[in-house]
Every structure is written in C-alpha cells, then in structure tokens.
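Please examine the sequence and the three-dimensional structure shown below. The paragraphs that follow lead through them step by step.

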2 protein chains.
Amino acid sequence: MVKETQNLIKGLPHKTIERLSQYRRALLICLEKGKEYIFSHEIAEIQHITSVQVRRDLMLIGYSGTLRKGYNIKELINLIGNIIDSPGGINVAIIGMGNLGRAVSKYLTHKRQKLTIVAGFDINSKKIGNEILGIPCYAPDEMKQIVEEKKIGIAIITVPATKIPETTKRLINAGIRGVLNFTPTPVVVPDNIFLEEYDMITSLEKVAFFVKQAMIEEEENRM
Amino acid sequence: MVKETQNLIKGLPHKTIERLSQYRRALLICLEKGKEYIFSHEIAEIQHITSVQVRRDLMLIGYSGTLRKGYNIKELINLIGNIIDSPGGINVAIIGMGNLGRAVSKYLTHKRQKLTIVAGFDINSKKIGNEILGIPCYAPDEMKQIVEEKKIGIAIITVPATKIPETTKRLINAGIRGVLNFTPTPVVVPDNIFLEEYDMITSLEKVAFFVKQAMIEEEENRM
DNA sequence: TACCATCTGTTAAAATATTAACAGGGCAAA
DNA sequence: TTTGCCCTGTTAATATTTTAACAGATGGTA
C-alpha cells in the first residue's frame with residue numbers, strides 16, 4: 001500500500017473502523033448473492049445507520065463509487081481488507097476453553113481468512129494435549145513458547161474471573177500484541193498492547209434499561 | 001422513585017448507562033471483599049477511564065459521595081439498581097440453544113437478580129420439551145404463547161444467520177420489548193422494540209487493525 | 001436538447017462525549 | 001490553628017461523532 005493511503009488510515013476514527021468491519025461483513029453476503037454494485041443507502045439500511053455516514057466513512061478511506069451505480073462490492077471488500085487485515089494474517093489464541101471459549105472458537109473459526117485460531121489454553125488436564133473443535137489445546141505454562149512458535153498476535157480471554165491476573169501476566173510475558181477480553185473482569189495491560197473489552201451483561205442491562213424506560217413512558221402517556 | 005429522579009434518568013447518555021452497568025459490576029466485587037467506600041479514581045482505574053468521568057456520571061444520576069471517604073458502595077449499588085433494573089425484574093429468553101446460546105445462558109444465569117432466563121427456543125426436537133442448563137426449551141411456534149405466559153420482555157438471539165428473518169418475525173409477533181442480537185446478521189425490528197447488536201468479529205477485527213497499525217509504526221520507527 | 005430524478009463527495013453545522021480547570025471542604029500533620 | 005493535601009462536584013473547553021446541506025455529475029426521458 002502506498003504511504004499516502006497509510007496516512008489516511010492512521011487517523012481513522014475508532015467508530016469508522018468498527019463500521020468498516022460491519023460493511024465488509026454485509027458486502028460479503030451481497031457478493032455471495034451475486035450482487036455487483038451497492039448504493040450507500042443500501043449499506044446504511046442493513047446497518048441501521050444513515051447513508052451519509054456510509055459515504056463519509058468511505059470518503060475517509062479514499063474510496064470512490066460510481067455515480068448512479070454505487071460502489072463496486074468486490075473492490076470495496078478488497079479495500080477494507082487492505083485496511084483491516086495484515087497481509088500475512090494474524091494468529092489468535094483462545095485462553096480458556098470452557099463453554100464460552102468453545103462457543104467463541106466455533107463462531108470465529110474459518111470466518112475470516114486473515115484471522116486464524118491456532119491454539120487454545122486451559123488448565124483442565126483432560127483438554128491439554130488434545131484438540132478441541134480442531135484447535136490444539138495447551139497448558140498455561142506453555143504459553144510463552146507456543147505464542148512465539150505459532151506467532152500468535154491476539155489473545156481472546158474467556159477464563160473465570162479468578163484466573164485473570166495470572167492469565168494477563170502470562171500473556172504480557174509471552175509478548176502478545178492485542179487482547180480481546182470477554183470476561184466481566186477488566187484486565188490491565190501495558191499500553192503497547194491493544195485492549196478491547198466486552199461484557200454481555202452490560203449489553204443486556206442496557207437493553208433492560210431502555211425497555212424499562214419505554215414502559216415508564218407508556219405508563220405516563222396512559223395517564 | 002420520585003418524579004424528579006425519573007426526569008434525571010430520562011436524558012442519561014447511552015454511554016453513561018453502559019458505564020453504570022460496569023460500575024455496578026465492579027462495585028459488587030468490592031462489596032464482596034468487604035470494602036465499604038470507594039474513590040472515583042479507584043473506580044476509574046478498574047474501568048480504564050478517568051476519575052472525572054466517573055464523577056460526572058455519578059453527578060448525572062444525582063449521587064453524592066462523602067468528601068475524603070468517597071462513595072458508599074452499598075448505596076451506589078442500590079441507586080444504580082434503581083436506574084437500570086425494573087422493580088419486578090425482566091424475564092429473558094434465549095433464541096437458539098446452540099453453542100453460543102448455551103454459553104450465553106450459562107454466563108448470564110444467576111448473574112443478576114432482576115434478569116432471569118426463563119426459556120430457550122430451538123428447532124432441534126431433541127431439545128424441545130427438555131431442560132438445558134436448567135432452562136426449559138420450547139419450539140419456535142410456541143413463542144407467542146410462552147412469551148405471554150412467562151412475561152418475557154427481552155430476547156437474546158443466537159440462531160444461525162438463515163433463521164434470522166423468521167425468528168425476528170416471531171419475536172415481533174410475540175410482543176417482545178427488547179432484543180439483544182449476538183448474530184452477525186443485523187435484524188430489523190419496529191422502533192418500539194429496543195435493539196442492541198453485538199458481533200464479536202467486529203471486536204476481533206478492531207483489535208487486529210490496531211495491532212497491525214502498531215506493527216507498522218514500529219517498522220517506521222526502526223527506519 | 002433540456003429537464004428531472006438520483007446518486008456521490010464534501011464542507012459546514014449540530015449533537016455527543018470527554019477532558020480540563022478549579023472552587024469548596026475536610027482531615028491530618030506540623 | 002494553620003498549612004497542605006486530597007477528595008468531590010461542577011462549569012467550561014475541547015474533541016469526537018453524527019447529521020445537514022448542497023454542489024457536481026450521470027443517465028433516462030420527453
């Protein structure tokens with residue numbers, strides 16, 4: 001990629017990055033259906049956002065569509081790939097092969113060419129040394145070695161809360177570059193490691209809050 | 001709750017709601033440890049945010065701490081509960097008891113007193129009529145009846161992409177109030193139903209992007 | 001050819017969200 | 001008791017994100 005493009009990408013807002021990932025997801029489905037071009041308002045509708053936002057995001061990454069035809073789906077997929085994906089791909093490990101870990105593994109396996117789950121870690125001795133869902137499973141104290149050997153860049157944490165401090169220490173020590181934490185316990189990493197945290201309880205409680213509010217408003221209107 | 005408080009809550013920013021949920025989560029852990037009071041900077045550190053933001057959020061919900069002692073943990077937990085929780089609780093259904101559905105069920109069961117998973121739905125006849133992880137499982141065409149009977153307010157969607165349109169139609173028909181969609185396929189609901197969508201691929205790709213950027217920057221600095 | 005409808009691309013404005021700055025107050029140590 | 005430190009609460013400033021507004025361009029149509 002030319003340097004100019006790299007400079008564009010550098011300042012991309014976080015929100016735009018997230019949406020680009022979502023656009024690609026939608027575009028891949030469209031491509032499969034045999035669609036060749038797509039309008040900004042079509043993408044917008046799928047994502048529950050406005051077409052202006054779509055056009056603006058695409059402007060930010062320097063992509064131009066064809067007037068009255070829209071955007072070339074294949075081209076756009078490739079461009080988003082150039083932005084998000086690393087050319088050689090990034091290997092991923094799942095830390096904790098419990099229920100959540102396995103669900104995540106199954107969900108993510110073969111979804112993206114440039115992101116490969118290459119290892120799982122667990123303390124359960126029945127799992128260590130075996131494959132789970134096609135993913136070889138290792139003991140926590142092998143982490144540094146395996147991360148280096150398999151060139152693992154990203155770890156997805158799905159262990160119980162009590163194991164978080166130990167797990168984090170091991171990951172930092174192993175030289176991981178990015179962490180996605182699905183645990184309700186916030187993780188502490190040095191700031192050269194990119195950290196993303198997600199807790200489904202927060203999402204659920206957010207829904208609960210707005211459902212409650214809607215009910216209160218209905219109540220008020222009835223009076 | 002007095003009307004004044006309700007007016008405060010009404011205009012609460014989405015982000016504040018999310019953080020309140022996270023504060024409570026952290027506070028519950030502190031309470032368990034026997035801690036009585038907590039400073040804004042302590043909460044901030046746990047959540048990787050600034051203490052100003054914590055104080056600002058608490059200001060927005062009208063809570064005052066004690067100078068030099070901080071916030072009373074028990075009080076704050078109760079207040080956040082008053083805001084987020086519905087007094088009688090809200091019942092939740094999991095739509096799709098596959099891997100992800102079961103992981104979500106296990107993860108959420110007994111986590112919050114006011115959110116109870118009371119039903120699962122699946123097309124698999126082996127699951128229908130049985131309990132999975134203690135959750136009774138029903139056929140999709142029983143949805144309307146069960147939602148009404150069990151007073152289910154929120155549905156968590158974890159079905160395969162192909163089943164999304166049908167599932168959504170059933171949920172709308174059943175009179176659901178809020179939807180949390182863990183599927184990569186965006187769903188369409190009328191806007192009297194609150195919708196929250198989360199796709200872990202987006203999170204993972206976000207991490208991948210920033211890891212890539214960090215590596216490019218290192219490369220540049222080396223030259 | 002002239003007009004109209006409908007796209008894109010971009011700048012400007014508005015709305016949200018975060019951070020800075022600081023006043024006010026209480027406790028502790030000198 | 002006075003000084004200094006370290007809290008909270010709040011307003012003001014900044015940064016980020018979204019939305020509005022509109023210029024420009026293309027193709028269909030009368």
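In this predicted model, helix α6 of chain A, residues 99-108, lies across β3 (90-95), β4 (115-121), β5, β6 (135-138) and β7 of chain A. The helix runs at about 155 degrees to β3(A). A helix of the partner chain also meets this sheet: α9 of chain B, residues 200-222, packs on it and touches β3, β4, β7, β8 and β9 of chain A. The direction of α9 of chain B makes about 160 degrees with that of β8(A).

The sheet of chain A is open and consists of 7 strands with mixed pairing, in the order β5-β6-β4-β3-β7-β8-β9. At its edges stand β5 (131-132) and β9 (194-197) of chain A, each of which pairs on one side only. Within the sheet of chain A, strands β7 (residues 152-157) and β8 (residues 178-181) run parallel and are joined by 4 bridges. One residue pair to look for is I154(A), whose bridge partner in β8(A) is G178(A).

Chain B likewise has an open sheet of 7 strands, ordered β5-β6-β4-β3-β7-β8-β9, and its pairing is mixed. Because β5 (131-132) and β9 (194-197) of chain B are edge strands with a single partner strand each, one side of each has no neighbour in the sheet. The partner of β5(B) is found in strand β6 (residues 135-138) of chain B; the two pair in the antiparallel sense over 2 bridges. In β6(B), P136(B) is the bridge partner of E131(B). Helix α6 (residues 99-108) of chain B packs on this sheet, where it touches β3 (90-95), β4 (115-121), β5, β6 and β7 (152-157) of chain B. Its direction makes about 155 degrees with that of β3(B).

DNA strand C is surrounded by 22 residues, the closest being S40(A), R55(A), S64(A), G65(A) and L67(A). Both chains contribute to this surface: α3 (40-47) and α4 (51-60) of chain A, with α2 (14-32) and α4 (51-60) of chain B, each supply at least two residues. By class, this surface has 8 nonpolar, 7 polar and 7 charged residues. Of the atoms of DNA strand C within 4 Å of the protein, 53% belong to sugar or phosphate, and the rest belong to bases. At a phosphate oxygen of DNA strand C, a polar side-chain atom of S40(A) lies 2.6 Å away. Bases are approached as well: an N or O atom in the side chain of R55(A) is 2.9 Å from a base nitrogen, and one in the side chain of R56(B) is 3.2 Å from a base oxygen.

Around DNA strand D there are 22 residues, and R68(A), S40(B), S64(B), G65(B) and L67(B) come nearest. Of the atoms of DNA strand D that come within 4 Å of the protein, sugar and phosphate account for 59%. The surface near DNA strand D receives at least two residues from each of α2 (14-32) and α4 of chain A and α3 (40-47) and α4 of chain B. A polar backbone atom of G65(B) is 2.6 Å from a phosphate oxygen of DNA strand D, while a polar side-chain atom of R68(B) lies 3.2 Å from a base oxygen.

Technical notes:
Residues numbered from 1 in each chain as written. Chains lettered and ligands numbered in written order. Predicted model: local features only at pLDDT ≥ 70, side-chain atom pairs only at ≥ 80, totals over all residues. Heavy atoms only, no water. Pairing = 2+ DSSP bridges. Contact = heavy atoms within 4.5 Å. Axes fitted to C-alpha atoms, helices over the stretch in contact; angles between N-to-C directions. Near = heavy atom within 4 Å. Polar contact = N/O pair within 3.5 Å; in protein donor to acceptor, adjacent residues only side chain to side chain. Nonpolar A, V, L, I, M, F, W, Y, C, P; charged D, E, K, R; others polar.
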